[in-house]
Amino acid sequence: MKEDTKEETMRAPGTGVPADVAPVPALPPHYSTASPPDGPVTPSPLRAWFYLVGLSLQRQARVGQIVWIALGLLAFSGLLVGTITVSGWWGMQNRRLPRSREGVTYQNWAELTDALSQGAALPGSPEVAGINQALVASYRAALERTDFYVFSNFLVFTIFVSFLLPIWSLSFAADSLGGDREGGSLVWLLTRPLSRPAIYLAKFVALLPWSIGLSVGGFAVLCLAGGRPGWQALRFYWPAVFSGTLAFSALYHLMGAYFKRPAIVALLYSFFLETLLGNMPGYLKRGSISFYTRCMMFDAAQNYGVEPEKPSVYLAVDGSTACMVLLAATVVFLVVGMVLFSRSEYLAAD
Amino acid sequence: MPDLLDSADTGGRDRALEASPVSRPASVTTEPNSSPADHGKWIADAARDARPLLLFEQVSKWYGPVIGVNKVTLELRPGITGLVGSNGAGKTTLLRLATGQLRPDLGQVSVRGIDAWSVEAKRRVGYCPDADAFYEEMTGRQFVEAMTRLFGYPRREAVRRAGAALEAVDMNGRAERRLRGYSKGMRQRIKLAQALAHDPELLVLDEPMSGIDPVGRQEFVALFRRLAEQGKCLIVSSHELEELEKLTDHVAIMARGRIAAIGTLAEIRELLDDHPFSIFVECAVSDDRRTLAKAILDLPDVAGVEMEDAGGIVIRARNPRRFFKEFAGVVLEENLDVRRLETLDDSAQAILGYLLGGGR
């Protein structure tokens, strides 16, 4: 008891500070964060959320390595498309007929047939010649429309939907939460009075303008470089690109909340799982985002002869169903991500 | 007779904490010029003040098969509490539990009676993390303002609070540079400023003085003492007890996920003196252990000696400070070649390491 009393006297009252420590000059007297000069200000969670959206939007502007890769791919693809456009290789006109030994192109064949029917070199009545000319005119018209078909099949389906769209979507999406996790700066958000789902949603809202900007904007650049068929493709396909970007972004954002190295996981998913699933026969391909994106595109351009190579095998769904699936997938990924993020613990090293 | 380990786990914390006369000063108020509605809120707040600022109730936390925090019960009220322990002792896990970054696997952590994981609890906590990760592209001022705005303050108010907090950590004149260009000490100050800006009741500071020069440490000590005088609760972790001793004499010592001891340093030393402990001693020469055992039994603090089959001896003793002094005398006097000396009690090992280490 006696020792307790002695101990009491050694401590500065109320602070737990040892009395034998020399007093240090006090802090500036004006230091106060407790009350503003014109009365108390009540913090607002909504205000904090909107600020987080703005802050995240701003921080997404930091161009990371993967965004540079995406921009590099855009430049390369743009150059390729521009070169093809200048060479006039989108249409079938300059391509040779199959098994054509003399190197006759589709255009040559049309001109030759036309010339023959014009000069009545072909045997038959004038009616036959007239029918012949009508057929040639139809053939020419169809030939002129092949540029959109070639552009769609080569650039849009083979290069863009299979490769560029997933890569461009993940450039910002995987880094939105993943970057904060890998950099260790997520702690600043997790210790603010914001609910975990609200943080997750704010980060998603903030990444969308960048992700959509890169994917839809990049697609528009390629279409512009493609000339007339490009314009046509942009007009038909942008809703599909937009919807696909939404779904991909939500998926990669979810990966950012779950995996320690989301960019790598997202790349693996894009190159292997998405490609594999997207090319599987039967209904298995319906597990891939690119399938629904393609279906929206097929539906939009069906009047121009754009369709799956083997429709009976591909089993496409109609455009509105595909759009609904993509939007529903976005919502599902978002909700799952919010739940996952709100339950997960993130260490600094994560 | 108080048991050091038991006191850390359950009832002992009450004894240790109640012995600490840390109380909220009567001069502390919440909001000035309050309306009747605010007055009601103030009364409710005051009623809630009776609840501990930070309370761990039998909290355990595992990282897979590894236990980070083991059945910790801890109650903190206004004042400064030092948290000391070696690497891996569980300090950072404990602080992350307090700030709602981690959820306990067992037990409960609450801030003023509110689950520490909740948004409401986080509003009351200021956290200065150990990790050195920032938004490097920002200036110091922008960062503190951003962190304050994330608490929901309008821009003007956030700017005012950030300015006051930067002033408090002596960074107002140096806050316009980008964070990536700051020294370790300046970064620590910025971390502290963001923790202060929203005027929290509870400050959780993980190694806040790491990388700070002696003058800066003195300033930090002054700041922490001032905050404690304002009625705030500070929990400050460090590897070095010496560093914390300048700040507070109310410390918790952690070892292997447990609070090995808590209270004033004098109380802990007193507990330690009464606490029986065992040490294992191995001599280079087999005959030496007989000589040692014989000599050591004559010491007043030695309760018993056991000869081990492995070749060493286990000594049970009390009052470690006096024992080790006398033990050293015996070894020198008998010219014994001691190859190994190990405390068999993990918690006691940690406490001894801190209380007796460094020539103490």
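**Strand pairing in chain B**

In β10(B), B:Thr264 is the bridge partner of B:His250. The model is predicted. This pair belongs to an antiparallel arrangement in which 6 bridges link β9(B) to strand β10, residues 258-264 of chain B.

Strand β3 of chain B, residues 79-85, runs parallel to β9(B) and is joined to it by 4 bridges. Here B:Val251 in β9(B) stands opposite B:Gly82. Strands of a sheet pair through backbone hydrogen bonds, in either the parallel or the antiparallel sense. β9(B) has pairings of both kinds: parallel with β3 and antiparallel with β10(B).

Burial of β9 was examined next. The strand covers residues 250-255 of chain B, and 6 of its 6 residues are buried, so β9 is largely enclosed by the rest of the structure. A residue counts as buried when 20 or more other C-beta atoms lie within 10 Å of its own. Both sides of the strand are involved. B:His250, B:Ala252 and B:Met254 point one way and are buried. B:Val251, B:Ile253 and B:Ala255 point the other way and are buried too. For chain B as a whole, 48% of the 360 residues count as buried.

A separate part of the analysis concerns an open sheet of 4 strands in chain B, ordered β12-β13-β11-β14, with antiparallel pairing. β12 (302-307) and β14 (338-343) stand at the edges; each has a single partner strand, so one side of each lacks a neighbour in the sheet. On average, neighbouring strands of this sheet are turned by 20 degrees against each other, direction ignored.

Within the sheet, β11 (residues 277-283) and β13 (residues 313-317) of chain B run antiparallel and are joined by 5 bridges. One of the residue pairs is B:Ser278 with B:Arg316, the latter in β13(B). A helix accompanies these strands. Helix α12 of chain B, residues 286-297, lies across β11, β12 and β13. Its direction is at about 160 degrees to β12(B).

These elements are part of a larger inventory. The secondary structure of chain B comprises 14 helices and 14 strands. Among contacts in chain B with a separation of 6 or more, 70% are between residues 24 or more positions apart.

Technical notes
Residues numbered from 1 in each chain as written. Chains lettered and ligands numbered in written order. Predicted model: local features only at pLDDT ≥ 70, side-chain atom pairs only at ≥ 80, totals over all residues. Pairing = 2+ DSSP bridges. Helix = DSSP H or I, 4+ residues; strand = E, 2+ residues; numbered from the N terminus. Axes fitted to C-alpha atoms, helices over the stretch in contact; angles between N-to-C directions. Contact = placed C-beta atoms within 7 Å. Buried ≥ 20, exposed ≤ 12 C-beta atoms within 10 Å, placed from the backbone.
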